[in-house]
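Dear colleague,

I am handing over the structure we spoke about, and below it you will find notes on what came out of the analysis. Please read them alongside the coordinates.

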Amino acid sequence: MATPTFASAIQTQALRRVYAIKPRPVVALDGVDLDVAAGELFGLLGPNGAGKTTLIKILTTLLLPTEGTARVAGFDVVTQTGHIRRIMNMVAGGEQSGYGILTVREQLWMFSQFYGLGTREGWRRVDELIELVGIAEQRDRRISSLSTGQRQKLNLARGFLNDPWILFLDEPTLGLDVGAAREVRQHMREWRSTVPGRTILLTTHYMAEADELCDRIAIVDRGRILAIGTPAELKRRVQQESLFRLEVDRLPGGPGALAALPGVLSAVTAGDADTAADSGGAASIAVQLVLQDDAALAAVVSNLTAAGVHLRGIAKSEPTLEDVFVELVGRGLSEEAPGAGDGEANE
Amino acid sequence: MSGIAAAPGIPPGADRDHSPYLWRASADPVSAAGWSRRRLLGTNLRSVLGRAFPRIVGALREPSWVAFEVGMPLLTTSAFVLVYRALGAPEAFVGFAVVGGAMIAFWMNVIWMMAAQLYWERSQGNLELYFTAPIHLMSILLGMAIGGLFMSSIRAAVVVAAASLLFGVQYAIEDWAALAVVFLLTLAALYGLGMLLASLFLLWGREAWHMVQLLQEPVYFLGGLYAPIRVLGSFAYLVAGVLPLAVGLDAIRQLAFAGTEQLGLLPVRVEGAILAIMAVLFLVLAHRALAFVERLARREGRLTIRWQ
């Protein structure tokens, strides 16, 4: 067996995973080439059903690839699973692992035993981590009584228990409020910076999170990597175009009607969070436009006005990762891929 | 970005600063992954303890289960005792019913908390974490068994004590050592079977609840829990060949009530040998079944993909 080399923390070549389910096989990963350097915080950004969780499951030795190769810290995911399991850990958003009858402290101690910490050493480490992630007040409460945020901090503490070299985080801030998500992100940063070479592979569909945290990002859709780069590099891809955000009272024909206009490269409605109501209670729809140039905006405004649409606001936008995604895929990140979701249980 | 080799972590043995984000320093992933056999064995042994822990904590933290799990078998046992006495059956039959009522605890534990457990662990999300921990899944199953034994032993002891006092059961034990050995062999074979069933339930069990029920009442009947298995006639030999509860119970009764050997199915030595063979066989089969399940899980995406 070849001696592992660690230029890369994670490396995949032509990685493919097909689920043989009826009525037709689902291709969850389709030729993924990835090279994550040691010490990187690398993000996989994509909508539900993109293949992110499947990739994590292969890298964490839970699934075999159908074709291609994958290595973690130089160890092969097919033949060297034992080695990989000793140096990694994984935490998923919304994870409900453990036993409700145990307290926070007991739960973490139980997991510490699975990683070989001594009995007393385990208790000491658990107490330290409980303080670290900010659930000291809940240390003697049963885990069944924890809030979502507290629960996720507990899961993160579990992920730190064995001092992994590579931490796989699958949507770690899923369902958390702003404050709890911020704390989780801060722990990720600090954990990584403590030891040079520690690597995080993060999957998320929160663009701001990926933008804020990641050294590099791979944009994934339908099992393929569409682009890889730093957030700045990715955003430069769309910087030559004009980006506008419109707010309208209604949108006859949907964003597709705008996308068909001359000079409009793409038009998508913004997420629910961007749909607001004015002081009179009337709904407002936000639309993200990518135009060839600023001049194309005139045709959009004319078209909307002619349709009797009330234009409530126009703002020129700086490019975001969603704009990159829209340009690459042709739809918004919050819009699930057609036919997707049947290959990914957790995405 | 430099590689790990070019940017090593904190050398082992060096004083770590007191960052709570670091506990055990390792130089690089290669040294961190290179475990000795001793460390591997130690971690697996600790995992046994770790997995037994929630069961022991659960048993001590919520003792209300004793009322239910002792009360119900006592009622059934009492019913059989009253019938035997009304019919004027030999007094040994009363003792047989009490011992059978106690041994139910172990069978219930094996099917509910061993056989069905991995299936439920999967739906809780624990199974993925067990798979990705650097341990063998047999350690997890062994931990479950030991934790379960703790609970079941309490239950069985309470049933024996309560029923013996209530009905004035007279035990006639001539060979305590043989009784202890047969009892331990019975438990080893029973929990070995439970470990095997855990993999099989995971593999086939679309609904573990139904599988458990399938194994509950028929085994109560075939296992000779409330009457000597000999009453099943020649069919009893077949049952004794596959069901450790039946053969173990038969041997325990012969040893606990000296002079009732004529009611036993086979000589105790033979039954002890059968139990020993079963214990080894079930453990080996459980090990293989678990390896098969893991391979299948990784190949087909079963067990870790919740819709499968």
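Two residues are taken to be in contact if their C-beta atoms, placed from the backbone, lie within 7 Å. Please keep in mind throughout that this is a predicted model.

With that cut-off, and leaving aside residues up to four places away in sequence, B:Met195 touches B:Met114, B:Leu141, B:Ala145, B:Phe282, B:Leu283 and B:Ala286. B:Met195 also belongs to the largest nonpolar core, which holds 190 residues and in which A:Leu59, A:Leu289, B:Met103, B:Trp107 and B:Met195 touch the most other members. Helix H4 of chain B, residues 92-115, gives this core its largest share, 18 residues.

Turning to the contact between the chains, chain A contributes 52 residues and chain B contributes 51. On the side of chain B that touches chain A, at least two residues each come from helices H1 (29-33), H2 (37-61), H6 (126-132) and H12 (268-300) of chain B, and the largest share, twelve residues, is supplied by H2(B). Sorted by class, that side of chain B has 26 nonpolar, 15 polar and ten charged residues.

As for chain A itself, its secondary structure comprises eleven helices and 15 strands, and 51% of its 347 residues count as buried. Among contacts in chain A between residues at least 6 apart in sequence, 73% join residues at least 24 apart. The domain assignment divides chain A into domain 1 (8-235) and domain 2 (240-318), whose centres, taken over C-alpha atoms, are separated by 37 Å.

Best regards

Definitions and conventions. Residues are numbered from 1 along each chain as its sequence is written. Chains are lettered from A and ligands numbered from 1 in the order in which they are written. This is a predicted model: local features need pLDDT of at least 70, side-chain atom pairs count only at pLDDT 80 or more; totals for chains, interfaces and linings use all residues. A nonpolar core is a set of buried Ala, Val, Leu, Ile, Met, Phe, Trp, Tyr and Cys residues joined through C-beta atoms within 7 Å. A residue is buried if 20 or more other C-beta atoms lie within 10 Å of its own, exposed if 12 or fewer, and partly exposed in between; C-beta atoms are placed from the backbone. Helices (H or I, at least four residues) and strands (E, at least two) are DSSP runs, numbered from the N terminus. Ala, Val, Leu, Ile, Met, Phe, Trp, Tyr, Cys and Pro count as nonpolar, Asp, Glu, Lys and Arg as charged, and the others, Gly among them, as polar. Domain bounds come from an automatic or database domain assignment.
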